[in-house]
Amino acid sequence: MKKLTLCAVVLAILTNACIPTETNPLDTAARSMTAAMFGEPRPMPARTLVDQNGDPFDLRIDTQDQLTLLFFGYTSCPDICPITMATVARAMGMLEPSLRERVEVLFVTLDANRDGVDEVKAWLGGIDSTFIGVTGSQEELEGVLADFGYVMPPFEIPTEGFYEVPHPAEVFLFTPERLARFGYMPNTPPEAIAADLAILAEVWWPTEGGE
Amino acid sequence: MSGAGMDAHRQRAGGANRRVGDGRRVGGQKLRGRTGLVAAAVAVAISACGSSETGGEPAPGASGAAPEAGVAVTGVRVLAPAASDRSSFYATIRNDGDVPDTLLGLESTLVADASLHEMTMRDGMMGMSALEWIAVPAASSVELSPGGLHGMLEGLSESWEVGDSIPVTLRFAKAGPLTVWATVRDPADARGNH
(Lines give C-alpha, C1' and ligand atoms only; values in the text may rest on other atoms or scores of the structure.)
Protein backbone atom coordinates (compact mmCIF):
# COMPACT_ATOMS: atom_id res chain seq x y z
CA MET A 1 0.00 0.00 0.00
CA LYS A 2 2.88 2.34 0.83
CA LYS A 3 4.42 1.56 -2.52
CA LEU A 4 1.20 2.41 -4.27
CA THR A 5 1.02 5.78 -2.51
CA LEU A 6 4.61 6.53 -3.46
CA CYS A 7 3.84 5.65 -7.04
CA ALA A 8 0.87 7.98 -7.02
CA VAL A 9 2.97 10.85 -5.67
CA VAL A 10 5.72 10.27 -8.23
CA LEU A 11 3.15 10.10 -10.98
CA ALA A 12 1.55 13.33 -9.83
CA ILE A 13 4.91 15.11 -9.85
CA LEU A 14 5.79 13.77 -13.27
CA THR A 15 2.43 14.73 -14.71
CA ASN A 16 2.74 18.19 -13.29
CA ALA A 17 6.20 18.60 -14.76
CA CYS A 18 5.19 17.39 -18.17
CA ILE A 19 2.04 19.38 -18.64
CA PRO A 20 2.54 23.05 -17.85
CA THR A 21 -0.59 24.72 -16.54
CA GLU A 22 -0.09 27.69 -18.86
CA THR A 23 0.92 27.07 -22.47
CA ASN A 24 2.37 29.67 -24.75
CA PRO A 25 -0.16 30.39 -27.54
CA LEU A 26 2.69 30.51 -30.05
CA ASP A 27 3.87 27.01 -29.08
CA THR A 28 0.31 25.78 -29.29
CA ALA A 29 -0.05 27.30 -32.74
CA ALA A 30 3.32 25.87 -33.83
CA ARG A 31 2.16 22.34 -33.02
CA SER A 32 -0.52 22.50 -35.68
CA MET A 33 1.71 24.20 -38.25
CA THR A 34 3.69 22.57 -41.06
CA ALA A 35 6.63 24.99 -40.78
CA ALA A 36 9.74 23.98 -38.85
CA MET A 37 10.04 26.09 -35.70
CA PHE A 38 13.52 27.37 -34.98
CA GLY A 39 14.91 26.72 -31.53
CA GLU A 40 16.30 30.23 -31.48
CA PRO A 41 14.40 32.88 -33.40
CA ARG A 42 16.58 35.15 -35.52
CA PRO A 43 15.92 38.89 -35.62
CA MET A 44 15.41 40.72 -38.90
CA PRO A 45 18.70 42.41 -39.81
CA ALA A 46 18.68 46.15 -39.05
CA ARG A 47 19.72 47.25 -42.50
CA THR A 48 18.31 49.41 -45.26
CA LEU A 49 18.30 48.27 -48.88
CA VAL A 50 16.55 49.57 -52.02
CA ASP A 51 13.21 48.18 -53.18
CA GLN A 52 12.15 47.49 -56.78
CA ASN A 53 10.80 51.04 -57.12
CA GLY A 54 14.10 52.57 -56.11
CA ASP A 55 12.88 53.56 -52.65
CA PRO A 56 14.80 52.79 -49.46
CA PHE A 57 13.47 49.79 -47.55
CA ASP A 58 14.34 49.44 -43.88
CA LEU A 59 14.18 45.72 -43.19
CA ARG A 60 13.26 46.18 -39.54
CA ILE A 61 11.07 49.27 -39.58
CA ASP A 62 9.17 48.40 -42.75
CA THR A 63 8.24 44.89 -41.64
CA GLN A 64 6.74 45.59 -38.22
CA ASP A 65 3.21 44.64 -37.15
CA GLN A 66 2.86 42.08 -39.90
CA LEU A 67 3.81 38.55 -40.84
CA THR A 68 6.71 38.51 -43.27
CA LEU A 69 7.88 35.72 -45.55
CA LEU A 70 11.50 36.30 -46.53
CA PHE A 71 13.40 34.51 -49.27
CA PHE A 72 17.01 35.06 -50.28
CA GLY A 73 17.74 34.24 -53.92
CA TYR A 74 18.60 35.70 -57.30
CA THR A 75 16.51 36.37 -60.36
CA SER A 76 18.68 34.27 -62.72
CA CYS A 77 18.23 31.25 -60.43
CA PRO A 78 17.01 28.43 -62.69
CA ASP A 79 14.64 26.49 -60.49
CA ILE A 80 14.50 26.78 -56.70
CA CYS A 81 13.89 30.55 -56.66
CA PRO A 82 11.08 30.63 -59.24
CA ILE A 83 9.53 27.49 -57.73
CA THR A 84 9.69 28.89 -54.21
CA MET A 85 8.35 32.31 -55.14
CA ALA A 86 5.57 30.89 -57.35
CA THR A 87 4.59 28.57 -54.49
CA VAL A 88 4.48 31.48 -52.04
CA ALA A 89 2.44 33.50 -54.57
CA ARG A 90 -0.05 30.67 -54.81
CA ALA A 91 -0.25 30.47 -51.01
CA MET A 92 -0.94 34.22 -50.87
CA GLY A 93 -3.81 33.74 -53.31
CA MET A 94 -5.37 31.25 -50.89
CA LEU A 95 -5.55 33.71 -47.99
CA GLU A 96 -8.64 35.61 -46.91
CA PRO A 97 -8.24 39.24 -48.05
CA SER A 98 -8.08 40.48 -44.44
CA LEU A 99 -5.22 38.07 -43.72
CA ARG A 100 -3.48 38.76 -47.01
CA GLU A 101 -3.18 42.41 -45.92
CA ARG A 102 -1.23 41.34 -42.86
CA VAL A 103 1.33 39.29 -44.76
CA GLU A 104 4.23 40.69 -46.77
CA VAL A 105 6.50 38.71 -49.06
CA LEU A 106 10.05 39.98 -49.18
CA PHE A 107 12.66 38.86 -51.70
CA VAL A 108 16.27 39.74 -50.99
CA THR A 109 18.59 39.15 -53.92
CA LEU A 110 22.14 37.98 -53.23
CA ASP A 111 23.32 38.82 -56.73
CA ALA A 112 24.11 42.55 -56.88
CA ASN A 113 25.98 42.03 -60.14
CA ARG A 114 22.92 40.99 -62.15
CA ASP A 115 20.01 42.12 -59.99
CA GLY A 116 19.55 45.87 -60.11
CA VAL A 117 16.28 47.56 -59.18
CA ASP A 118 14.88 47.08 -62.70
CA GLU A 119 15.74 43.37 -62.88
CA VAL A 120 14.14 42.71 -59.51
CA LYS A 121 11.04 44.65 -60.54
CA ALA A 122 10.70 42.80 -63.85
CA TRP A 123 11.19 39.41 -62.19
CA LEU A 124 8.66 40.04 -59.43
CA GLY A 125 6.24 41.40 -62.04
CA GLY A 126 6.11 37.90 -63.49
CA ILE A 127 5.41 36.38 -60.07
CA ASP A 128 3.40 38.87 -58.00
CA SER A 129 3.95 42.62 -58.22
CA THR A 130 2.68 43.11 -54.65
CA PHE A 131 5.79 41.34 -53.39
CA ILE A 132 8.69 43.50 -52.29
CA GLY A 133 12.12 42.84 -53.75
CA VAL A 134 15.21 44.54 -52.42
CA THR A 135 18.75 44.89 -53.67
CA GLY A 136 21.93 46.76 -52.84
CA SER A 137 25.68 46.42 -53.23
CA GLN A 138 27.09 42.90 -52.92
CA GLU A 139 28.67 43.97 -49.64
CA GLU A 140 25.33 45.20 -48.29
CA LEU A 141 23.50 42.08 -49.41
CA GLU A 142 26.04 39.73 -47.87
CA GLY A 143 25.93 41.93 -44.77
CA VAL A 144 22.20 41.25 -44.42
CA LEU A 145 22.89 37.55 -44.86
CA ALA A 146 25.68 37.64 -42.28
CA ASP A 147 23.50 39.52 -39.78
CA PHE A 148 20.98 36.75 -40.27
CA GLY A 149 23.57 34.12 -39.41
CA TYR A 150 24.70 32.82 -42.79
CA VAL A 151 28.12 32.95 -44.39
CA MET A 152 28.19 33.43 -48.14
CA PRO A 153 30.58 30.86 -49.58
CA PRO A 154 32.90 32.21 -52.26
CA PHE A 155 31.44 32.02 -55.75
CA GLU A 156 32.93 32.98 -59.08
CA ILE A 157 31.49 35.51 -61.49
CA PRO A 158 32.71 34.52 -64.96
CA THR A 159 33.37 37.17 -67.60
CA GLU A 160 30.56 35.69 -69.67
CA GLY A 161 27.88 33.05 -69.34
CA PHE A 162 25.66 31.81 -66.55
CA TYR A 163 26.73 31.42 -62.95
CA GLU A 164 25.04 30.31 -59.77
CA VAL A 165 24.78 32.21 -56.52
CA PRO A 166 24.56 30.26 -53.26
CA HIS A 167 21.54 31.10 -51.10
CA PRO A 168 19.66 29.67 -48.12
CA ALA A 169 17.06 27.14 -49.20
CA GLU A 170 14.35 28.13 -46.75
CA VAL A 171 11.59 30.69 -46.78
CA PHE A 172 11.74 32.39 -43.39
CA LEU A 173 8.55 33.34 -41.60
CA PHE A 174 8.81 36.38 -39.35
CA THR A 175 6.26 37.13 -36.67
CA PRO A 176 5.21 40.77 -35.99
CA GLU A 177 8.12 41.31 -33.54
CA ARG A 178 10.31 40.77 -36.60
CA LEU A 179 11.71 37.49 -35.43
CA ALA A 180 12.19 34.62 -37.87
CA ARG A 181 10.60 31.82 -35.88
CA PHE A 182 9.74 29.41 -38.67
CA GLY A 183 11.15 28.14 -41.94
CA TYR A 184 9.88 26.29 -44.98
CA MET A 185 12.07 24.01 -47.04
CA PRO A 186 11.54 23.84 -50.80
CA ASN A 187 8.73 21.44 -51.74
CA THR A 188 6.35 22.74 -49.08
CA PRO A 189 2.89 22.84 -50.68
CA PRO A 190 1.22 26.28 -50.88
CA GLU A 191 -1.81 24.95 -48.99
CA ALA A 192 0.39 24.25 -45.97
CA ILE A 193 1.87 27.75 -45.99
CA ALA A 194 -1.57 29.37 -46.30
CA ALA A 195 -2.93 27.24 -43.45
CA ASP A 196 0.05 28.11 -41.24
CA LEU A 197 -0.39 31.83 -41.79
CA ALA A 198 -4.04 31.61 -40.77
CA ILE A 199 -3.08 29.73 -37.59
CA LEU A 200 -0.33 32.21 -36.76
CA ALA A 201 -2.49 35.27 -37.46
CA GLU A 202 -4.94 33.97 -34.88
CA VAL A 203 -2.23 34.32 -32.22
CA TRP A 204 -1.72 38.03 -32.91
CA TRP A 205 -5.07 39.10 -34.27
CA PRO A 206 -7.70 36.74 -32.83
CA THR A 207 -10.94 36.82 -34.73
CA GLU A 208 -14.17 37.15 -32.76
CA GLY A 209 -15.48 33.77 -31.80
CA GLY A 210 -12.07 32.26 -32.55
CA GLU A 211 -10.07 30.46 -29.94
CA MET B 1 19.62 26.36 -38.55
CA SER B 2 17.08 23.64 -39.20
CA GLY B 3 18.82 20.31 -39.10
CA ALA B 4 15.65 18.28 -39.35
CA GLY B 5 14.56 20.19 -42.42
CA MET B 6 17.85 19.58 -44.09
CA ASP B 7 17.71 15.88 -43.34
CA ALA B 8 14.27 15.73 -44.90
CA HIS B 9 15.64 17.53 -47.89
CA ARG B 10 18.45 15.02 -48.28
CA GLN B 11 16.09 12.14 -47.99
CA ARG B 12 13.92 13.59 -50.72
CA ALA B 13 16.94 14.20 -52.87
CA GLY B 14 18.03 10.59 -52.51
CA GLY B 15 14.57 9.25 -53.15
CA ALA B 16 12.86 6.14 -51.82
CA ASN B 17 14.92 6.02 -48.61
CA ARG B 18 17.86 4.67 -50.45
CA ARG B 19 21.35 5.89 -50.84
CA VAL B 20 21.90 6.95 -54.38
CA GLY B 21 25.38 7.04 -55.80
CA ASP B 22 26.35 9.84 -58.05
CA GLY B 23 29.26 10.74 -60.21
CA ARG B 24 30.55 14.22 -60.07
CA ARG B 25 31.58 15.64 -63.39
CA VAL B 26 35.33 15.78 -63.71
CA GLY B 27 37.39 18.00 -65.95
CA GLY B 28 34.34 19.71 -67.40
CA GLN B 29 33.68 16.75 -69.67
CA LYS B 30 30.25 16.85 -71.20
CA LEU B 31 28.15 13.88 -72.04
CA ARG B 32 26.17 15.23 -74.93
CA GLY B 33 25.86 13.03 -77.93
CA ARG B 34 26.09 14.11 -81.53
CA THR B 35 22.94 14.76 -83.52
CA GLY B 36 23.25 11.39 -85.22
CA LEU B 37 23.41 9.69 -81.87
CA VAL B 38 20.31 11.55 -80.73
CA ALA B 39 18.40 10.42 -83.80
CA ALA B 40 19.56 6.84 -83.24
CA ALA B 41 18.66 7.12 -79.58
CA VAL B 42 15.15 8.27 -80.43
CA ALA B 43 14.73 5.41 -82.89
CA VAL B 44 15.97 2.85 -80.35
CA ALA B 45 13.77 4.32 -77.65
CA ILE B 46 10.70 4.10 -79.83
CA SER B 47 11.31 0.44 -80.58
CA ALA B 48 12.16 -0.18 -76.92
CA CYS B 49 8.71 1.06 -75.98
CA GLY B 50 7.30 -2.02 -77.68
CA SER B 51 4.55 -0.06 -79.32
CA SER B 52 2.68 -1.68 -82.18
CA GLU B 53 3.09 1.52 -84.10
CA THR B 54 6.27 1.80 -86.05
CA GLY B 55 8.01 4.85 -87.34
CA GLY B 56 5.72 7.21 -85.47
CA GLU B 57 6.64 9.37 -82.54
CA PRO B 58 5.79 8.39 -78.98
CA ALA B 59 2.48 9.86 -77.90
CA PRO B 60 2.89 13.15 -76.02
CA GLY B 61 2.46 12.67 -72.30
CA ALA B 62 3.29 8.98 -72.47
CA SER B 63 5.99 7.70 -70.17
CA GLY B 64 8.73 5.50 -71.49
CA ALA B 65 9.75 2.03 -70.42
CA ALA B 66 12.48 -0.32 -71.48
CA PRO B 67 11.01 -3.66 -70.40
CA GLU B 68 14.11 -5.83 -70.60
CA ALA B 69 16.25 -3.72 -68.31
CA GLY B 70 13.27 -2.86 -66.15
CA VAL B 71 13.78 0.89 -66.10
CA ALA B 72 10.66 3.07 -66.21
CA VAL B 73 10.44 6.83 -66.15
CA THR B 74 7.29 8.53 -64.83
CA GLY B 75 6.19 11.93 -63.57
CA VAL B 76 8.23 13.52 -66.32
CA ARG B 77 8.13 17.31 -66.23
CA VAL B 78 10.16 20.38 -67.06
CA LEU B 79 9.93 23.85 -65.60
CA ALA B 80 8.34 26.66 -67.58
CA PRO B 81 11.29 28.98 -68.13
CA ALA B 82 10.90 32.19 -66.10
CA ALA B 83 12.94 34.93 -67.71
CA SER B 84 15.69 32.88 -69.28
CA ASP B 85 16.35 30.16 -71.83
CA ARG B 86 16.93 27.61 -69.08
CA SER B 87 14.74 24.91 -67.63
CA SER B 88 14.99 21.96 -65.24
CA PHE B 89 14.00 18.35 -65.80
CA TYR B 90 12.31 16.25 -63.10
CA ALA B 91 11.08 12.66 -63.11
CA THR B 92 10.86 9.45 -61.15
CA ILE B 93 13.15 6.70 -62.47
CA ARG B 94 12.17 3.23 -61.34
CA ASN B 95 14.36 0.21 -61.77
CA ASP B 96 12.29 -2.96 -61.30
CA GLY B 97 15.06 -5.14 -62.67
CA ASP B 98 17.61 -7.26 -60.85
CA VAL B 99 20.58 -5.31 -62.17
CA PRO B 100 21.69 -1.85 -61.21
CA ASP B 101 21.63 0.73 -63.96
CA THR B 102 23.12 4.18 -64.38
CA LEU B 103 21.70 7.33 -65.91
CA LEU B 104 24.54 8.67 -68.02
CA GLY B 105 22.94 11.80 -69.38
CA LEU B 106 20.08 13.63 -71.02
CA GLU B 107 19.52 14.90 -74.52
CA SER B 108 16.82 16.82 -76.28
CA THR B 109 16.52 18.13 -79.80
CA LEU B 110 14.93 21.28 -78.31
CA VAL B 111 17.87 22.34 -76.12
CA ALA B 112 21.49 23.19 -76.81
CA ASP B 113 22.80 21.47 -73.70
CA ALA B 114 21.42 19.10 -71.08
CA SER B 115 23.26 17.94 -67.99
CA LEU B 116 22.76 16.24 -64.63
CA HIS B 117 23.00 18.24 -61.42
CA GLU B 118 22.44 17.96 -57.72
CA MET B 119 21.44 20.62 -55.25
CA THR B 120 23.82 20.60 -52.33
CA MET B 121 23.58 22.18 -48.91
CA ARG B 122 26.58 23.48 -47.03
CA ASP B 123 26.15 25.40 -43.79
CA GLY B 124 22.54 26.03 -44.73
CA MET B 125 23.47 27.52 -48.09
CA MET B 126 22.17 25.90 -51.23
CA GLY B 127 24.42 25.39 -54.23
CA MET B 128 24.57 23.13 -57.21
CA SER B 129 27.11 20.64 -58.46
CA ALA B 130 27.32 18.93 -61.85
CA LEU B 131 27.10 15.14 -61.92
CA GLU B 132 28.64 12.78 -64.44
CA TRP B 133 26.03 10.12 -63.80
CA ILE B 134 23.26 9.08 -61.41
CA ALA B 135 23.06 5.52 -60.10
CA VAL B 136 19.74 3.71 -60.37
CA PRO B 137 20.16 0.66 -58.12
CA ALA B 138 18.22 -2.55 -58.77
CA ALA B 139 14.72 -2.66 -57.30
CA SER B 140 14.64 0.98 -56.36
CA SER B 141 13.51 4.35 -57.59
CA VAL B 142 15.33 7.63 -57.86
CA GLU B 143 13.63 11.01 -57.75
CA LEU B 144 14.80 13.86 -59.90
CA SER B 145 13.04 16.72 -58.12
CA PRO B 146 13.35 20.39 -57.15
CA GLY B 147 15.97 20.77 -54.45
CA GLY B 148 17.62 17.45 -55.22
CA LEU B 149 18.92 15.55 -58.21
CA HIS B 150 17.71 17.06 -61.47
CA GLY B 151 18.50 17.68 -65.10
CA MET B 152 19.43 21.11 -66.32
CA LEU B 153 18.39 22.18 -69.80
CA GLU B 154 20.15 25.16 -71.34
CA GLY B 155 19.66 27.03 -74.59
CA LEU B 156 16.00 26.26 -75.25
CA SER B 157 15.19 26.37 -78.95
CA GLU B 158 11.98 28.30 -78.44
CA SER B 159 9.76 29.58 -75.68
CA TRP B 160 7.93 26.79 -73.88
CA GLU B 161 4.41 27.28 -72.60
CA VAL B 162 2.79 25.51 -69.66
CA GLY B 163 1.19 22.31 -70.98
CA ASP B 164 3.59 21.84 -73.89
CA SER B 165 5.30 18.45 -74.29
CA ILE B 166 9.05 18.35 -74.71
CA PRO B 167 10.90 15.21 -75.88
CA VAL B 168 13.82 14.29 -73.64
CA THR B 169 16.04 11.24 -74.12
CA LEU B 170 17.58 9.65 -71.04
CA ARG B 171 20.68 7.55 -71.70
CA PHE B 172 21.06 4.56 -69.41
CA ALA B 173 24.17 2.41 -69.28
CA LYS B 174 22.18 -0.84 -69.52
CA ALA B 175 18.65 0.07 -70.57
CA GLY B 176 19.99 2.29 -73.34
CA PRO B 177 18.35 5.46 -74.56
CA LEU B 178 14.78 6.12 -73.52
CA THR B 179 12.77 9.01 -74.93
CA VAL B 180 10.00 10.45 -72.80
CA TRP B 181 7.69 13.43 -73.19
CA ALA B 182 8.04 15.97 -70.45
CA THR B 183 5.12 18.25 -69.65
CA VAL B 184 5.97 21.91 -69.16
CA ARG B 185 4.82 22.84 -65.65
CA ASP B 186 4.17 26.15 -63.94
CA PRO B 187 6.86 26.63 -61.24
CA ALA B 188 4.20 26.37 -58.53
CA ASP B 189 3.25 22.91 -59.88
CA ALA B 190 6.76 21.58 -60.32
CA ARG B 191 7.20 19.95 -56.91
CA GLY B 192 5.46 16.60 -57.08
CA ASN B 193 4.27 14.24 -59.77
CA HIS B 194 0.67 15.30 -59.43
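The following paragraphs describe the interface between chain A and chain B and then turn to aromatic pairs. The model is predicted.

The contact between the chains draws on 30 residues from chain A and 28 residues from chain B. Together the two chains bury about 2,500 Å², and carbon and sulfur atoms account for 64% of that area. Between chain B and chain A, five residue pairs are in polar contact, with both residues at pLDDT 80 or more.

On the side of chain B that touches chain A, the elements giving two or more residues are α1 (3–14), β4 (86–95), β6 (111–122), β7 (125–136) and β9 (149–156) of chain B. Of these, α1(B) provides the largest share, four residues. Sorted by class, this side of chain B has 15 nonpolar residues, seven polar residues and six charged residues.

Strand pairing also links the chains. Strand β7 of chain A, residues 167–168, is joined to β7(B) by two bridges, and the strands run antiparallel. One of the residues involved is A:P168, whose bridge partner in β7(B) is B:M125.

Salt bridges can be considered next, for the whole structure and for the interface. Over all chains, the search finds seven salt bridges. Across the interface of chain B and chain A, the rule finds one. In this salt bridge the side chain of B:D189 meets that of A:R90, with an N to O distance of 2.5 Å, which lies within the 4 Å cut-off. B:D189 belongs to the segment after β11 (176–185) of chain B, whereas A:R90 lies in helix α3 of chain A, residues 80–93.

Aromatic pairs complete the description. The whole structure holds nine aromatic pairs over all chains. Among them is the pair of A:F38 and A:F172, with 6.1 Å centre to centre and 50° between the planes. A:F38 lies in strand β1 of chain A, residues 36–43, and A:F172 in strand β8 of chain A, residues 171–175. The pair therefore ties together parts that are 134 residues apart in sequence.

How values were computed
Residues are numbered from 1 along each chain as its sequence is written. Chains are lettered from A and ligands numbered from 1 in the order in which they are written. This is a predicted model: local features need pLDDT of at least 70, side-chain atom pairs count only at pLDDT 80 or more; totals for chains, interfaces and linings use all residues. Side-chain values use heavy atoms; hydrogens and water are left out. Contact means heavy atoms within 4.5 Å. Buried area is the accessible area (1.4 Å probe) that two parts lose on being put together, summed over both. A polar contact is a pair of N or O atoms within 3.5 Å; within protein, one must be able to donate a hydrogen and the other to accept it, and residues adjacent in sequence count only if both atoms are side-chain atoms. Ala, Val, Leu, Ile, Met, Phe, Trp, Tyr, Cys and Pro count as nonpolar, Asp, Glu, Lys and Arg as charged, and the others, Gly among them, as polar. Two strands pair if DSSP finds at least two bridges between them. Rings of Phe, Tyr and Trp (its six-membered ring) pair if their centres lie within 6.5 Å; planes under 30 degrees apart count as stacked, over 60 as edge-to-face and the rest as tilted.
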